Amino acid sequence: MRVDIISIFPEYFAPLGVSLIGKARERGILDVRLHQLRDWAHDVHRTVDDTPYGGGPGMVMKPDPWGEAIDAVLSTGQDASARIIVPTPSGVPFTQRLAMEYAAEPWLLFTPARYEGIDSRVMVEYGTRTRVDEVSVGDYVLAGGEAAVLVMVEAVGRLLPGVLGNACSAVDDSFAPGAMENLLEGPVYTKPPEWRGHEVPEILLSGHHGRIARWRRDEALRRTARNRPELLAALDPRGLDKHDLKL
Ligand code: 6GU
């Protein structure tokens, strides 16, 4: 998969050289290309922002540098166009489902903004040529979209074939479509069996795979009820079994 990122802080993405994503890049599974937006600003100060029409606080990113930058990046592509992802707190929620959808794309282009965001005509313009998604990573406001891009690239990157050591690791993730959809994973344990007086639940040492699966599902339901009651309320009743209903 190819990932392009246009930003006024390309150095923000140094963490993409580390750990799982860094490995995926070394192995050629992920091709990340960083671009400095200011390279497409032509005044002496390389200005990328201006005051908002209609007044109000803050600054808005000018359409011209973004248009030139996106054109330049898209022109280096082969055939089909990139899917453009614009991080913004006003976007649609980034979910595991969306991460899986992105993991199936050949090419993603992220356009993280600073200030109050990008002139809206940029999204309209590219929306006529390719798919443009305005995406939020949660109900809080970041100082810019860069941290959101780090979040999304990591969530998508770990789903690419060959990135996770164990392909099953992604299968029972919290939120993964299937049995765990809308359920949080329960607690996990490793050796030793007793630590500072706290014991590992006996059932996990029992070797009864059926009962362990049942216990894990009950713990997932309990944790979801406690931490995310709105997820539990939205569970499809067809996904519940007769034992779930006793909880
Ligand atoms: Cl994608 N950007 C910014 N600036 N803030 C956010 C966000 C994105 N998602 C949640 N908050």
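Which residue in β6 is the bridge partner of R83? Select R83 and look across: the partner is L108. Before moving on, note that this is a predicted model, where local features need pLDDT of at least 70, side-chain atom pairs count only at pLDDT 80 or more, and totals for chains, interfaces and linings use all residues. Residues are numbered from 1 along each chain as its sequence is written.

Now show β5 and β6, which pair in the parallel sense over 3 bridges. (Strands, E, at least two residues, and helices, H or I, at least four, are DSSP runs numbered from the N terminus; two strands pair if DSSP finds at least two bridges between them.)

Next, bring up the whole sheet: 5 strands in the order β2-β1-β6-β5-β7, open, with parallel pairing. At the edges sit β2 (31–36) and β7 (132–136), each pairing on one side only.

Now click I85. Leaving aside neighbours within four places in sequence, I85 is in contact with L108, L109, F110, D133, V135 and M152 (contact means C-beta atoms, placed from the backbone, within 7 Å).

Conventions:
Contact = placed C-beta atoms within 7 Å.
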